[in-house]
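Student: I have a model open and would like to know what stands behind the words used to describe it. Can we take the terms in turn?

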Amino acid sequence: MEKEFDVQTKLNLPKEVYLKKIEKYTIVISPNKPNWVVFDDLEYKLFDLLRINTILNALVLFQSETFLTEENCINILKSVLSKIDAISFYEEIEGCEEDDIKDIIKTIHITVTDDCNLRCLHCYMSAGIVSKKYLNLTLVSEKIKRIQQYYNSKLDIVVSGGEPLLHPEILSFLKEIKENQVTLFTNGMLINSSNINVISETCDAVQISMEGISKHVFEKIRGKNTYDKFMDAIVYLKENNIRIILAITMLPNTIEDIKSNLISFLEGLSYKNIEVRLNYELEMTGNALKNFAEEKHIVNVENIVVDLLQELKEIGVIYNSKSERNIRFNNCGIGASIVFDAKGKIYPCNKLSDYHRDISDDIIDVIKYFDDLNNNSSCRNIQGCQSCELKYICAGGCRIDNYINTGSMIKTGCTQEFKLDQYKKLIKDYLREN
Ligand SMILES: C[S@@+](CC[C@H](N)C(=O)[O-])C[C@H]1O[C@@H](n2cnc3c(N)ncnc32)[C@H](O)[C@@H]1O
């Protein structure tokens, strides 16, 4: 704990708080900042005393009520104070409004094709099976230039698929958009000596996917003879010092392999320019629905993730998971992205739906339409959310889900189960961050 506290004073803790006890944790929420802190039972007991007493008096009362040793009490006090201070859980922090959507530069996600050279068992879009469309990339690069001009800024662009390297014009497209921040999502099978130089010159990072670490587990999902090609791609990326984002989707039949072998795999790579993204939230559509709907993720997947993240931190592999606090999120992010699908439709977020425009539309008009969509569906306009303690944290839930479940983006489909999941997410975030 770095900050020094005057024990004769009272902490200026948020006046209005909402408590939720889940298993061994108590979540204390300050709804309007919004901010929250997670305590175990003893920590919460001391926190409660700190709300109305000076730090010293709270400590004395705590010891007399718990009969713990002085040393134990001081350690618990240190833990509580450092948790509070680390996230500024104070009254005087003013809630900060989320930026106006007009000031947020939209991120761009492009599915250049829904064709694929693999048939991954979990693929949410059944890439290469249901459709094999290829986007007109000349048109897309014109759109991107217009968007750049509109914001007078570089853009954050993800180029994905299907398998994007199957697109015959992919390399010239990457050259066209290279002045932006470009991340290529690929399975790596087609990375070779003739395209690695262009990838290196045009992409800021390459996200490459794996679901299993050992060859036989990897190939169970991605198919025969894929592992060696994946490893060749990793070598090409390393040789060119390209930033690698290893996207690891944890599946019921690969999770044990990931748990046992991920860290030694990364140590074996001995490459610093790498980041790991662990994903265990399976989108249940396409092949995933066909192949994994019956199987349950093993129950302690979250604990495995927390342990792995800790180990990743220890070996110096970056993983960004900090939750944002003291910002009032009014929306789920709808309208903050421009998502091009392979068929030429343009969506306001990654969840594809009825809300889309067409690639032939004027892109500035599309931007304005997405801005309006965001403003109109603000949680300030959602009736069921206005008095909820979580409204600025869950921001009213996914608007597309609202639309699917209730027929309107501003009619919440929230249930007790959904709320409980939100609370559990706060605990998960806390466990990851500590
Ligand atoms: C659809 S792929 C497209 C890019 C490229 N072909 C690849 O394999 O990375 C993008 C990412 O989505 C992940 N993915 C596929 N199906 C998924 C699902 N049902 N749920 C969650 N992630 C999934 C893949 O593992 C991969 O990391």
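Tutor: Start with one pair of residues in this predicted model: the bridge partner of I22 is Y25, which lies in β2.

Student: What makes β1 and β2 paired strands?

Tutor: Pairing requires at least two bridges between the strands. β1 and β2 (residues 25-30) have five, in the antiparallel sense.

Student: Why are β1 and β3 said to stand at the edges?

Tutor: The open sheet has the order β1-β2-β3, with antiparallel pairing. β1 (18-22) and β3 (35-39) each have a single partner strand, so one side of each has no neighbour in the sheet. From one strand to the next, the twist averages 20 degrees.

Student: What lies across β1, β2 and β3?

Tutor: That is α1, which runs at about 125 degrees to β3.

Student: How do you know that the span of α2 is close to the expected one?

Tutor: α2 (residues 55-66) has twelve residues, and the expected span at 1.5 Å a residue is 16 Å. From first C-alpha to last, the helix reaches 16 Å.

Student: Which residues of α2 are buried, and what makes them so?

Tutor: Buried means under 20% relative accessible area. I55, A58, L59, F62 and T66 are buried. Seen down the helix axis, the buried residues of α2 fall within an arc of 100 degrees, so they line one face. Their cover includes α1 (41-52) and α3 (70-86).

Student: Where does the chain go after α2?

Tutor: F67 follows, with a positive phi near 60 degrees.

Key. Residues numbered from 1 in each chain as written. Predicted model: local features only at pLDDT ≥ 70, side-chain atom pairs only at ≥ 80, totals over all residues. Heavy atoms only, no water. Helix = DSSP H or I, 4+ residues; strand = E, 2+ residues; numbered from the N terminus. Expected span 1.5 Å × (residues − 1). Buried < 20%, exposed > 50% of the residue type's maximum accessible area, 1.4 Å probe, protein only. Arc of directions from axis to C-beta. Contact = heavy atoms within 4.5 Å. Axes fitted to C-alpha atoms, helices over the stretch in contact; angles between N-to-C directions.
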